[in-house]
Each structure stands twice: as C-alpha cells, then as structure tokens.
Amino acid sequence: MESDNISKAVATASALYSSGSLNKDVFLKNNSYRKTINETLSNKNTSMILKYSSAIPLLSRRRHSLDKKQRNRKPKLYAELSDELVRDIPDERLETDHGGPTSVFSLFQGFNATLPEVNEEIERIKKGSSKLLEGGFVDKESRELDDPNRDPLPAGITESKIKHSQNPHHLKQFKAEIDYKLDLLEIRKGLTANEIQEIDLKLEKLHKMRASVFNKIALYERDEIALENYLDEIESRLSLIKDIDPDLNETDESSEEDEDAEDVEPDPKSENLMMNQSVYGRLTDEHHKKSRKIKPTLQQYYEPGSNIAEFHGHEDTITTFGFDLPFGTMVSASLDNTVRVWDLSRSKCIGLLEGHNAAVKCLQIEDSTVVTGSLDASIKMWDLNRLHNEEQDPLIQSFDSHVDEITALHFNNNTLISGSNDKTIRQWDMTTGHCLQTIDVLWASSMMNASSGSYTTSSPVVAAEQSSFIGSLQCYDAALATGTADGLVRLWDLRSGEVIRQLSGHTGPVTCLQFDDKHLITGSSDRSIRIWDLRTGNIVDAFVYDTGITSLQFDSRRIISTNGDSVVKVYDRIEEKHWDCGPRVSDPSSEVNIIFARYQEGYMVEGRTDGTFGVWAI
C-alpha cells in the first residue's frame with residue numbers, strides 16, 4: 001500500500017512535468033500531489049520518497065541534454081554538390097538501340113543550354129506584355145522556324161560586323177561567342193533527338209495497345225455472331241417442334257396461362273381472337289426476318305483501303321454474291337456451278353445451296369432469305385436457317401416460267417421481279433410462287449414509242465457479244481427500273497405494266513443500276529457511269545473509266561464500281577474525289593481481275609475471275 005502511494009505521487013509529478021511546468025509551486029498547488037505526499041509522510045517512508053523523487057531531476061536532466069544535442073547538431077547542406085559529382089561530364093557520342101547516333105548530355109548541360117532561351121523569353125514578356133495578351137504565348141523556336149529571315153548568329157553579332165571588323169580582339173570575341181552557341185545548339189539538337197525517340201517509343205507502345213484492344217473487339221464480335229447463330233438455331237428448333245406437335249406447344253401455353261389466371265372464365269370472342277393471332281403468327285413465321293441485336297463495328301477501326309482478309313472461294317470466275325452485314329453471312333455463285341454460304345468472320349464455307357443445273361448469274365440476300373437466278377432459266381428461294389437442319393430442306397420455292405437464262409432479279413417485301421434473256425420481265429408472289437404478270441420488254445417499249453409519236457429509240461449502241469438483254473433491274477413497291485442491252489434505262493409502273501419514262505444516253509449495254517429516292521445511277525459497257533435525277537430525268541453527273549462497268553453500288557457517301565481491273569473504283573460523293581481500293585494499290589504488278597463488289601458500312605467484298613475473294617475497309 002505504501003509503495004502504491006509513492007508510485008501515485010511519482011506518476012502525478014511526472015504528469016505535471018510532462019505538461020511543461022517546472023516550477024515547484026505547481027507541484028504544491030496540485031491537490032492530488034499534496035494528498036499523496038501527506039499520506040506517504042504519515043507512514044514514515046521517507047527513504048522511499050527520496051528514492052522515487054530522484055527520478056524527476058533525472059528526467060529533467062535527460063531532456064535538457066537531448067535538447068542541447070539537437071541545438072548543437074549541424075544541418076546538412078543538400079544544395080551543394082561535391083566536385084567529384086560534376087567533374088566528368090560525358091561528351092562522347094553513343095549508339096542508340098535503333099542504330100542511330102545520339103549525344104548523351106548531363107542535366108547540368110541541358111539546363112545551361114536552355115537557360116538562355118528562358119532568359120530571352122522572360123525579357124520578351126517584360127518588354128511586350130501587351131503583344132502577349134493580344135497574340136498569346138508562342139515559344140521562341142516556333143517563331144524562329146516560321147521566320148524566313150532567321151539569323152543563327154548570336155545576339156549582337158551581324159554578318160556585316162564580321163566582314164568589316166579590323167579589331168582582332170572583337171574577332172576573337174565573335175569567335176568565342178559563335179563557338180559557345182555551336183555547343184549550345186549541339187546540346188539542344190541532342191535533347192530534341194531524344195524527345196523524338198521518346199515519342200517514337202510511346203507511339204510504338206500505343207500501337208501495341210491499339211492492336212491488343214482491336215483483337216479484343218474482334219473476339220467479342222466473333223462471340224456475338226456465334227451466340228446469334230445459336231439463337232437462330234433455337235428459334236428454328238422451336239418452330240420445328242411447333243410444326244411437328246402443335247398439341248404439345250398448346251399444352252405448354254395453356255399451362256402457363258392457367259397459372260396466371262385460374263379463375264377467369266373463357267370468352268368465345270377472345271378464343272377466336274387468339275386463334276386468328278396464332279394463324280397470323282404462323283404465316284409470318286414462314287418468311288420471318290432475322291432481327292439482330294448486334295451491329296458489327298470492327299471495320300470502322302481499319303484504315304481506309306486496308307485489306308481485312310483474302311480467301312479462295314471458287315474454282316472459276318465469281319459471277320455474283322451478297323452478304324447480310326459486315327463479318328456476317330455471305331452467299332456467292334460462280335461459273336463452277338456452285339452456290340456457297342460463307343461465314344465472313346472466319347472466311348469459312350459453311351454450306352452449299354444445291355438445286356440449280358447451271359451457273360447462277362444473279363442473287364439477292366435479305367436476312368435469312370436468299371433468291372438465286374440461274375442460266376438454267378429457273379429461280380429458287382432458300383431459307384438459310386434450314387441450312388444445317390437435316391429434317392428440313394433449305395429450298396423453299398422454285399419459280400419456273402422463263403424459257404431462257406435468268407440475268408437479273410430483285411425482291412422487295414413479298415414481290416419478286418425477274419429479267420431473262422427471253423426478253424420478258426416477270427412479277428412473282430413469293431408466298432405462293434405464282435407469276436402475277438409477264439411483261440414483254442420490246443412490245444411495251446414499242447407501245448410507248450407509238451403513243452408518244454416517236455419511233456427512234458436511242459443513239460447507236462455497240463452491243464457486247466456476251467451482254468445480257470436485261471442487264472440489271474431494281475424494284476420498290478410499284479416502281480421498277482431496268483437496264484437493257486440497247487443502252488436504254490426504262491422506268492416502269494408495275495400496276496399497269498407500262499413504261500412511264502425512257503432514259504437514253506449510254507452507247508453500250510446497261511450492265512448495272514441502282515436507285516434511291518432522288519437519284520438513279522447506271523453503269524454500262526460503254527465504260528461510263530451516269531447519275532440521273534429521277535424527278536427530271538436529266539443527267540446530274542457522269543464519269544468514264546478505261547473499260548466497261550461490270551457492277552456498281554452506292555449510298556449517300558460513296559459509289560463503288562468494278563470494271564475488270566485489279567482495283568475497285570471508289571468515288572467519294574461528299575469530297576468529289578476518286579480513289580482505288582484493291583490488290584494493285586499495294587502491288588502494282590498485280591494482274592487479278594475484279595468483276596463484282598458489294599459493301600456495307602465501310603466493309604467491302606470483291607470477287608475475282610480466279611475465284612478469290614478480297615475483303616477491304618473503305
């Protein structure tokens with residue numbers, strides 16, 4: 001107990017000492033300290049008091065000694081460098097990792113080299129602060145590079161002074177200043193060269209990063225396309241199950257409805273309505289359009305004119321092809337009498353459309369629906385969703401009424417228009433396969449000429465030996481445009497089957513055409529492409545190439561065309577500029593012949609006479 005009182009007194013004294021109060025009056029005025037001392041004295045423990053109280057002056061002396069050492073300690077001067085550190089400044093020229101020479105300079109030399117520029121800039125700001133506010137800050141080197149009368153001599157020295165000076169002292173001074181500036185320029189040049197190397201390294205690193213991110217985008221889009229194909233397969237199987245066992249599907253639907261509405265009484269009207277909706281759904285499922293959730297964007301990150309892929313597709317000349325979207329599904333035809341289906345994301349053939357007895361000359365693909373026209377005078381419609389279904393044939397419908405080669409076709413909604421070398425145009429109902437009307441082109445044209453009182457057709461046409469009578473056509477609703485071997489472009493009204501306008505201007509067979517809401521663009525064997533105004537029928541623009549046009553396509557931004565050359569001709573409608581895209585751009589010795597091309601959203605595919613496909617970014 002006694003030792004506890006003493007310890008309590010010492011602890012109280014130590015607390016008072018730590019507070020910075022060394023005056024003894026402080027100890028005596030503290031009630032806790034005095035109480036503890038009185039209790040200790042009453043117990044006659046003076047010796048122990050002396051023992052513990054001696055700790056207070058010891059602590060005081062120790063603290064005073066530490067403060068004295070800190071006051072006497074001499075601070076280190078970090079602003080000074082020893083002579084050994086600045087004695088050897090490297091002046092030698094070393095070789096860089098890239099093989100080019102570069103100068104290695106110390107930080108001290110670089111500072112000295114840039115210090116005069118800093119001083120000059122400060123002086124300029126002081127003297128011309130108003131100009132700085134008006135024109136903004138421009139560094140001295142940029143002003144000097146833009147100055148045609150740039151003088152490299154140091155300030156205060158002119159060419160006239162050097163030539164007319166007779167004082168050796170002045171000449172030596174000039175020499176010393178010029179030598180000094182040469183040294184500074186050498187240092188600045190080396191530092192600038194180092195900056196270029198650093199920029200190159202950063203650019204190289206950025207290119208590697210871009211390539212890595214680019215590959216990630218390609219991987220993601222490839223996975224997206226694969227998942228969408230699986231979704232299509234699931235939809236096909238659901239449709240197949242529904243056709244095989246409708247009762248099973250109705251049982252599943254009724255069980256789900258019973259869970260949601262067990263107490264609702266059936267209404268006869270609602271039952272009839274549901275039946276009608278079911279029939280309507282079954283009809284629309286026959287020609288459903290595949291709605292994609294994804295939109296490929298990888299082609300946008302290629303440089304225009306870059307080759308994305310190149311692969312061998314057929315054993316003979318490619319005649320026509322079409323694809324649904326970039327890196328999607330493509331259907332192609334060739335003189336090797338095959339029609340192939342391709343996965344463009346992998347450049348891989350995934351199936352064949354077998355049924356024609358001769359080569360296919362024209363085709364069109366919309367979502368999963370494909371229509372092909374052959375030299376065997378037949379037209380066939382296919383469903384790509386059934387391509388890998390063993391229980392269903394991908395061939396949906398055949399249209400057999402023409403008596404000669406099918407050379408052109410186009411479908412819109414459920415209306416199919418075909419043109420043949422039998423000189424007729426036929427309109428088909430795609431849902432039933434029935435021919436709705438047959439138009440004799442020559443007879444309809446002569447009737448128009450007779451009604452207008454004109455018996456002359458056009459300027460003399462030099463027909464090519466292998467030209468198709470109907471080279472191309474396109475329909476939209478009741479409007480139809482055709483291009484024929486006589487060089488005329490005819491605009492038809494399908495409701496009456498009559499020609500409403502003839503556009504003359506080509507001097508060779510019309511081989512390709514396309515129209516939108518404002519313009520009609522045609523290509524011909526006469527080597528020209530003509531742009532027509534649909535409202536007036538006048539030619540808006542035209543340009544000529546070296547050989548006959550074999551295919552074309554356009555949108556609001558570009559017109560692409562092929563003419564049997566080693567490149568695809570691209571015309572930028574906004575910038576009004578022509579440029580080439582194809583193998584001959586990078587290899588002038590290339591001798592491939594491109595005869596057909598199609599593109600979407602900057603993604604172009606071209607087909608060649610050797611059966612090879614090329615894929616490009618434009």
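Q: What makes the charged end of Lys423 count as sitting over the ring of Phe469?
A: In this predicted model, the charged end of Lys423 lies 5.2 Å from the centre of the Phe469 ring and sits over that ring; the term requires NZ of Lys or CZ of Arg within 6 Å of the ring centre and within 35 degrees of the ring normal. Local features need pLDDT of at least 70 and side-chain atom pairs count only at pLDDT 80 or more, while totals for chains, interfaces and linings use all residues. Residues are numbered from 1 along each chain as its sequence is written, and side-chain values use heavy atoms, with hydrogens and water left out.

Q: Why is the pair of Phe311 and Trp342 called tilted?
A: Rings of Phe, Tyr and Trp (its six-membered ring) pair if their centres lie within 6.5 Å, and planes under 30 degrees apart count as stacked, over 60 as edge-to-face and the rest as tilted. The centres of Phe311 and Trp342 are 5.2 Å apart and their planes stand at 50 degrees, so this pair is tilted.

Q: What makes the pair of Phe543 and Tyr545 edge-to-face?
A: Their ring centres are 5.9 Å apart and the angle between the planes is 70 degrees, which gives an edge-to-face pair.

Q: Why does Phe543 count as buried?
A: Buried means under 20% relative accessible area, exposed over 50% and partly exposed in between (1.4 Å probe, protein chains only); Phe543 has 10% relative accessibility, so it counts as buried.

Q: How do you know that Tyr545 is buried?
A: The relative accessible area of Tyr545 is 11%, and therefore Tyr545 is buried.
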